[in-house]
Amino acid sequence: MTRRIGNRFGKLRRENRAGLVTYTVAGDPDPATSRKILGGLPEAGADFIELGMPFSDPMADGPAIQLASLRALHNGGGMINTLNMVRNFRTRDMDTPIILMGYYNPIHCYGSQRFLDEALDAGVDGLIIVDLPPEEDDELCHPCLTSGLNWIRLTTPTSDDRRLEKVLKHSSGFVYHVSIAGITGTRSAELEDIESAVQRIRRQTDLPVAVGFGIRTAEQVRAISEIADAAVVGSALVNVIREGIDSGRSGDDIAAALHALVRELASGTV
Amino acid sequence: MLDNQHTKPESFRSGPDEAGHFGIFGGRFVAETLMPLILSVEEAWNACRHDPDFLSEMESHARDYIGRPSPLYFARRLTRELGGAKIYFKRDELNHTGSHKINNTLGQILLARRMNKTRIIAETGAGQHGVATATVCALFNLPCVIYMGETDMERQAPNVFRMKLLGAEVIPVTSGTATLKDAMNEALRDWVANVTDTFYIIGTVAGPHPYPEMVREFQSVIGRETRDQIMEREGRIPDTLVACIGGGSNAMGLFHPFLDDESVKIFGVEAAGHGIESGKHAASLSGGKPGVLHGNRTYLLQNDDGQIIDAHSISAGLDYPGIGPEHSWLHETGRVSYVSVTDSEALEAFRLCCRTEGIIPALEPSHALAHVARIAPDMAKDRIIVMNMCGRGDKDVFAVAEVLGDIL
């Protein structure tokens, strides 16, 4: 198994703080700007990088992330670009964990084993594949773990204790708790609900727990940091890109604005 | 990977397996939030499907409300015109709401009631499934939300109005390409956010297990009735079955009871739009490859990067970039032959049917009829073809007028 995720959580424990996971879509709004965004994330304060693999039909995501996917695809994004971006990033950063998140079809189409081999070689540390529940573990989960990549699973408010056991069974790296029953970039959960869910997860696993969906401010990151090991921010960052395009900003300016927001969000992890 | 290609199963009617697989197709590819709900739908379905109370409730509504059984009609003039095999229409266009769709929405809403769900959602392309869903929601007094692509709302305006009359809320979908696949994405998004009270009535034999099996079972009434009726009329089963395929629910309904009758040739007709080679079509089997979308593995229209490509057909009801997983399996095992018919061939068949039989067919079964017109002339006069007339054409006359207006 790649060690970057475990190492990073170890470092966070030593620093006695929670981590910030940033989500952006590979290739959004275009490959060049997306590379700039990715390259500057660690310095801005991202402890983990979740990179979205663009897909035409992301049915668990809200409009912000679907639009980001379509922008990326329109401007030449896709699986080959995604893997190249990771390769390029790894020439300068060997420590920040990268998790690819997305849907199964582009991987299915690329060829699962070919994808796993190339992702590992490029420097990917883990996968989150939204539409592969434990019932379909033979598809990619088992080959992924065999290849040495982490398989990061989503827990949700609909996961009761019996379901949690099943979901956590082949999870590695960390657990991603989806704090609302819903799609990305919509509402936020009540803090006490998140807290009891995280406690329930911790009773069944020693893996670190990250919390995502509906987190968009430094204040929310601070609140999550009190009860979980990491906070995930996605749609809020993706919206910075859309606003930048809408107001005609250059790629450099868009990257700078996004990094500024990451810096602010990271202040909540201390 | 497609290792089931040349092995002939013992029965073609025994699928899916417990995990919802037809060979390598089908399955349950959904977000974790939905999994517990999908499993509870499966549990409820398995409890109902052989329950005599559930079945008799279905039957009484099918008879008194839908108007079943639908007639099996010998198309005398069409048969004479084509000069070969005897052609029968299974007339599911005479059902209440004008298509086969209500066979399924009736079954699913009865299941939703058993599960104590209090809100219904559905996707629709042409609007036939939306109308059939809105209709049973009115019948059982349940709030109904229909997702429909903005593009489809424009070209199927009469159906939008019908759904609203029936009390449904029709939500325009603007994401993606604003057609049926996006309406399905949007319905899934709604469901993820409303898991406790909402039941999703999927309109075709696709989606995560148990939907492909469940919808097939609700539609199989078409094939079961056909079998009884043709035995009564001809004293034997048909030689050939023909049905059109978008997602494939009317076809699965007609085919399934005959799959193990080796003597019966079965044709599924996909929409070739402007022609397969043009790239503007809706023929997932003829022009696509296996992939995973909307909860199942099946043939999909997609590019080299695994991104879904928009389908095209003059018939909004066939305009879907996927196909039910059982059809993918029947295709690879070779049990069913899948062919395709272009927009213009379907229009020609549409006119032929109006002229010879006094029946205005929907554009969907006009595709099936075009294939009947191809094969019937070369068959002996004692051969029998049954075609599923799965919808009436009232909804299509404006779209057809736009194309044929200057010719008529």
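**Overall size, chain B.** I started with the radius of gyration in this predicted model: chain B has 20 Å, which agrees with the value near 22 Å that a compact globule of 408 residues would have. I then took the box along the principal axes, and the C-alpha atoms of chain B fill roughly 55 × 50 × 50 Å.

**Make-up and packing.** I counted 16 helices and 14 strands in chain B. Of the 408 residues in the chain, 66% are buried, and among contacts with a separation of 6 or more, 74% are accounted for by residues 24 or more positions apart. For the surface I noted that chain B exposes about 14300 Å², of which carbon and sulfur atoms supply 51%.

**Helix 14.** I looked up helix 14 of chain B, which runs over residues 343-357, and found that its 15 residues reach 21 Å from the first C-alpha to the last, close to the 21 Å expected at 1.5 Å a residue. I listed its buried residues, among them Asp343(B), Phe350(B), Cys353(B) and Glu357(B). Just after this helix, Gly358(B) takes a positive phi of about 65°.

**A nonpolar surface patch.** I next noted that Phe161(B), Leu165(B) and Leu166(B) form a nonpolar patch on the surface, with about 310 Å² of accessible area together. Leu166(B) is found in the loop between helix 7 (157-165) and strand 7 (169-173) of chain B.

Technical notes
Residues numbered from 1 in each chain as written. Chains lettered and ligands numbered in written order. Predicted model: local features only at pLDDT ≥ 70, side-chain atom pairs only at ≥ 80, totals over all residues. Heavy atoms only, no water. Helix = DSSP H or I, 4+ residues; strand = E, 2+ residues; numbered from the N terminus. Expected span 1.5 Å × (residues − 1). Buried < 20%, exposed > 50% of the residue type's maximum accessible area, 1.4 Å probe, protein only. Patch = residues over 30% accessible without salt bridge, like charges linked within 9 Å, V, L, I, M, F, W, Y side chains within 5 Å. Areas by Shrake-Rupley, 256 points an atom, 1.4 Å probe, with all protein chains shown as cover. Salt bridge = Lys/Arg side-chain N within 4 Å of Asp/Glu carboxyl O. Rg over C-alpha atoms; globule rule 2.2 N^0.38 Å. Contact = heavy atoms within 4.5 Å.
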